[in-house]
Amino acid sequence: MEKIELVSHFDESMFVPALQARTKDGVLEELVNCFASAGIVRNAALVLEMVHRREQLGSTGINHGIAIPHGRTTASAKLKIAFGYSKRGIAWGAMDGKPVHLVFMVLSPPHEQDNRYLPVLGRLVEVLSHPEEREKFSEVMSFAEFTNLLKS
Amino acid sequence: MAEKLSTQIEFLVALQDLDIMQREIEEVKQLGFEVNAEGAATLTRAREELVQKIRQPLLRNYERLRSRYKRAIVPAKEATCLGCFMRVPTSVPTHGRADTEVYTCENCGRILYWLA
């Protein structure tokens, strides 16, 4: 089976090694604003509405200090992933109740050309299911280190 | 949730995003994400509230288009409808838009949303 490539979906302008926000809502807004600043989404309010609704469906905190807020939105031009790290940890309402340190926000148009949204989401969950990988993501200092880690 | 959306096209996009989310619940669950029954009911209520804000003719058009195509609203890029890939008329403004008016593609009828 083809291994889904992740690196091309990240962008340095959406790499946040030290999140400013200290709450879940604040982090969602901070990362959506990264997408808006990068020109991936035009209307941040619309996208924020969608990610909040997704959180109402069930927490996107997938245990072990990781959250993957995600969704398809008509207001997004491309399938992209923003990364944010919080050393302090964020109360996310995750399944294991632990604070979240690593946040990967995945946004996609309703139908991107290769229909990779669900495969990319699945690959991300798979990569982050390995304890040693999770640990390394907490230690990255630069976007180059981060992408090297994704390639390994 | 604080209401930040105000225009008809914004409500329509939010509605389509919600409909897509509801359609993909099972796939997302299979990936290991938590989806609870209470949350699903919350989305249904959110949809009911959202449709109240959309003018009836527009809503009817959205529902009609949704039953015909997978997406009722599609992006318009470089004056092209990304649903049927036909060019939109030059009379339609394509840049610096404020989402205050709703335009449809003259060819396929889909509602257009400008990403730039």
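Predicted model: local features only at pLDDT ≥ 70, side-chain atom pairs only at ≥ 80, totals over all residues.
User: What radius of gyration does chain A have, and why does the value agree with a compact globule?

Analyst: The C-alpha atoms of chain A fill a box of roughly 35 × 35 × 25 Å along the principal axes. For 152 residues, a compact globule would have a radius of gyration near 15 Å, and the value for chain A agrees with this. The radius of gyration of chain A is 14 Å.

User: Among the contacts in chain A with a separation of 6 or more, what percentage is accounted for by residues 24 or more positions apart?

Analyst: Two residues are in contact if their C-beta atoms lie within 7 Å. Among the contacts in chain A with a separation of 6 or more, the share from residues 24 or more positions apart is 68%.

User: How are α1 and α2 of chain A oriented: parallel, antiparallel, perpendicular or oblique?

Analyst: Two packed helices are described by the angle between their axes and the distance between the axes. Helix α1 (residues 24-37) and helix α2 (residues 44-57) of chain A pack at about 140°, with axes 10 Å apart. Angles over 145 degrees would count as roughly antiparallel and 65 to 115 as roughly perpendicular; the orientation of α1(A) to α2(A) is therefore oblique.

User: Is the crossing of α1(A) and α2(A) left-handed or right-handed, and how many nonpolar residues does the contact have?

Analyst: The crossing of α1(A) and α2(A) is right-handed. Residues of α1(A) in the contact include A:L28, A:V32 and A:F35, and those of α2(A) include A:V47, A:L48 and A:V51. By class, the contact between the two helices has one charged residue, two polar residues and, as the number asked for, eight nonpolar residues.

User: Is A:A67 buried, partly exposed or exposed?

Analyst: A:A67 is found in strand β2 (residues 66-67) of chain A. Leaving out residues up to four places away in sequence, A:A67 touches several others, among them A:I62, A:W92, A:V100 and A:V103. Because 27 other C-beta atoms lie within 10 Å, A:A67 is buried.

User: Which residue of the loop between α2 and β2 of chain A is A:H64 in terms of exposure: buried, partly exposed or exposed?

Analyst: A:H64 lies in the loop between α2 and β2 of chain A. Phi of A:H64 is near 55°, a positive value in a residue other than glycine. With 17 other C-beta atoms within 10 Å, A:H64 is partly exposed.

User: In which order do the elements of chain B run from the N terminus on?

Analyst: Chain B comes to four helices and four strands. Its C-alpha trace spans about 45 × 30 × 25 Å along the principal axes. From the N terminus on, the order is α-α-α-α-β-β-β-β.

User: Where is B:A79 found, and is this residue buried, partly exposed or exposed?

Analyst: B:A79 is found in the loop between β1 and β2 (80-81) of chain B. Phi of B:A79 is near 60°, which is a positive value in a residue other than glycine. As 15 other C-beta atoms lie within 10 Å, B:A79 is partly exposed.

User: Which element gives the most to the side of chain B that touches chain A?

Analyst: In the interface, 30 residues of chain B are in contact with 29 residues of chain A. On the side of chain B, α1 (8-23), α3 (37-52) and β1 (73-77) each supply at least two residues. With eight residues, the element that gives the most is α1(B).

User: How are α2(A) and α3(B) oriented to each other?

Analyst: Helix α2 of chain A and α3(B) pack at an angle of about 140°, with their axes 7 Å apart. The contact is made by residues including A:R53 and A:L57 of α2(A) and B:L43 and B:A46 of α3(B). From the angle between them, the orientation of α2(A) and α3(B) is therefore oblique.

Conventions
Residues numbered from 1 in each chain as written. Chains lettered and ligands numbered in written order. Rg over C-alpha atoms; globule rule 2.2 N^0.38 Å. Axes fitted to C-alpha atoms, helices over the stretch in contact; angles between N-to-C directions. Parallel < 35°, antiparallel > 145°, perpendicular 65-115°, else oblique. Left-handed = near helix turned anticlockwise from the far one by under 90°. Nonpolar A, V, L, I, M, F, W, Y, C, P; charged D, E, K, R; others polar. Buried ≥ 20, exposed ≤ 12 C-beta atoms within 10 Å, placed from the backbone.
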